[in-house]
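Keep the viewer open as you read.

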Amino acid sequence: MSRVPRICRRFVRCALLSVLIATTGIGVVGCPSKSGEKVPPTETVEASPTPVEPDERRLDELIVPKGDEPYAMHADGRICPPNFVYVHGGPCEVVREGERWPGGERRYTIDLAPYCLGAFEASQADATAESRGSYANPDGLPPPAQVKKGVVPWYGASRSVMEEAVQLQGWRLPTYEELQCAATQFDAGRKWVWGDKYDCKESEKSWFAGCDKPYPNVTVPTFVTGGPTGRSDYGTGLYDLIGGLSEWTATLWDAACFGAQRFSLWGGTAHIAARIANHQERVGPSCWVMADYAGHARGEHEHPIKIGGPVDDGFRPAANPSPHWKGWAPRTEPDPKFRLSPSCFYLPDGRQRCYQLERWHNPPPEGDDEPAPEAAPGS
């Protein structure tokens, strides 16, 4: 067991537990593991003193074995939920950029299982074209996430709220790799959804600013899902992957340094189209935090776990392909008895780690919006 020091002033405990879980080919629901194979031993990162309890649902009851996917079925919802897009999976080279990687870049290949990805960024059940909805992290339970076109996306949500919002539907948050590979169409040479070079005219399909001037009457965060032109899917069926909100992921920013307390956000937001590089600054001898980030498919930054969040950050649900979704309808009401399941992400070497978040909806004490380290990690 490795020990990570407490890094935040008031409300965050940073404890990293490396636990090898014996498996028998049954993964944790919500993990992007491959079906038909035994899941390798998984290291679990615990975000709080709350013990991780096993989920009663079996992943192999939900996932469609790779290679056996009935491709013609996904369009009518028998494989993916309504308004989700089926992503075929397979080997994908992933690119991470910035000073925290030796030489300024890290490339690795992940063999992704097939997955479903929301065609639009998540929204609340009562969102409209003018409002994101009535829930805004009060002392109450969050509603289940929805995937709809033409409504204001759900921004400013905390990580625990996002986890609950997607898990209430039987969905999960996507990993960094799943979002990048969907945006690049599994081609690491594409920095943008449309290709390898920035093209202002192409960017107008997704950015909420034209080549010469902003679109009229469109400001952050009042834009709607589906993009300013209705053509922001670039033929993929996935809208606003670049140019809408930055999207929170299931991926921990740096588990070795921060445990399950800082998370990666993928992609660029509506107002930073010109930024083309990720930058990080060092904290302690070997840990990094975000300084600036790119607006393309390799864009990545981080935020600490907290209630609320910037208005330019949202999330997009993912789901495991399954016949379960045939005839399925999304729920719209919170569940006071709901229990969060663990969430999982990839390490650059292909292994998975899982973590457990608590249900926590009260606002943090004033001044704790951006937790700061008390000691250098590893000391």
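Residues 24 or more positions apart supply 71% of the contacts in the protein with a separation of 6 or more. Please keep in mind that this is a predicted model. Its secondary structure amounts to 4 helices and 15 strands. Of the 379 residues, 57% count as buried. The protein exposes about 15500 Å², and carbon and sulfur atoms supply 52% of that area.

Strand S7, residues 246-252, runs antiparallel to S8 and is joined to it by 3 bridges; Leu252 has Phe263 as its bridge partner in S8. Strand S11, residues 300-304, is also antiparallel to S8, with 5 bridges between them. In this pairing, Leu265 finds its bridge partner in His301 of S11.

While you are here, pick out Thr249, which sits in strand S7. Is this residue buried or exposed? Buried is the answer, because Thr249 has 0% relative accessibility and the cut-off for buried is under 20%. Leaving aside residues up to four places away in sequence, Thr249 touches a group of residues that includes Arg159, Leu173, Tyr176, Phe263, Ser264 and Trp266. Its side chain reaches the backbone oxygen of Ser264 at 2.8 Å, and the side chain of Thr249 also reaches the backbone nitrogen of Thr251 at 3.0 Å. Glu302 lies 53 residues from Thr249 along the chain, and the C-alpha atoms of the two are separated by 9.8 Å.

Next, move to the loop between helix H1 (159-167) and helix H2 (176-184), where you will find Arg172. With a relative accessible area of 4%, Arg172 is buried. Which side chains does it meet? Arg172 and Glu178 are joined by a side-chain polar contact of 2.9 Å, and the side chain of Arg172 makes another polar contact, at 3.5 Å, with the side chain of Asn320.

Let's finish with the disulfides, of which the count comes to 5. One of them joins Cys200 to Cys211, with an S to S distance of 2.2 Å. The torsion about its S-S bond is about -135°, so this disulfide is left-handed. Cys200 lies in helix H3 and Cys211 in the loop between H3 and S7, so the pair ties together parts that are 11 residues apart in sequence. Cys200 counts as partly exposed at 26% relative accessibility, and Cys211 counts as partly exposed at 26%.

Another disulfide links Cys257 and Cys287, whose sulfur atoms are 1.9 Å apart. Because Cys257 belongs to helix H4 and Cys287 to strand S10, the link ties together parts that are 30 residues apart in sequence. It is left-handed, with -85° about the S-S bond, and both Cys257 and Cys287 are buried.

Finally, look at Cys344 and Cys354, joined by a disulfide with an S to S distance of 2.0 Å. Its torsion is about 95°, so this disulfide is right-handed. Both of these cysteines, Cys344 and Cys354, are buried.

Key: Residues are numbered from 1 along each chain as its sequence is written. This is a predicted model: local features need pLDDT of at least 70, side-chain atom pairs count only at pLDDT 80 or more; totals for chains, interfaces and linings use all residues. Side-chain values use heavy atoms; hydrogens and water are left out. Two strands pair if DSSP finds at least two bridges between them. Helices (H or I, at least four residues) and strands (E, at least two) are DSSP runs, numbered from the N terminus. Buried means under 20% relative accessible area, exposed over 50%, partly exposed in between (1.4 Å probe, protein chains only). Contact means heavy atoms within 4.5 Å. A polar contact is a pair of N or O atoms within 3.5 Å; within protein, one must be able to donate a hydrogen and the other to accept it, and residues adjacent in sequence count only if both atoms are side-chain atoms. Accessible areas come from the Shrake-Rupley method with a 1.4 Å probe; for residues, only the protein chains shown count as cover. A disulfide is a pair of cysteine sulfur atoms within 2.5 Å.
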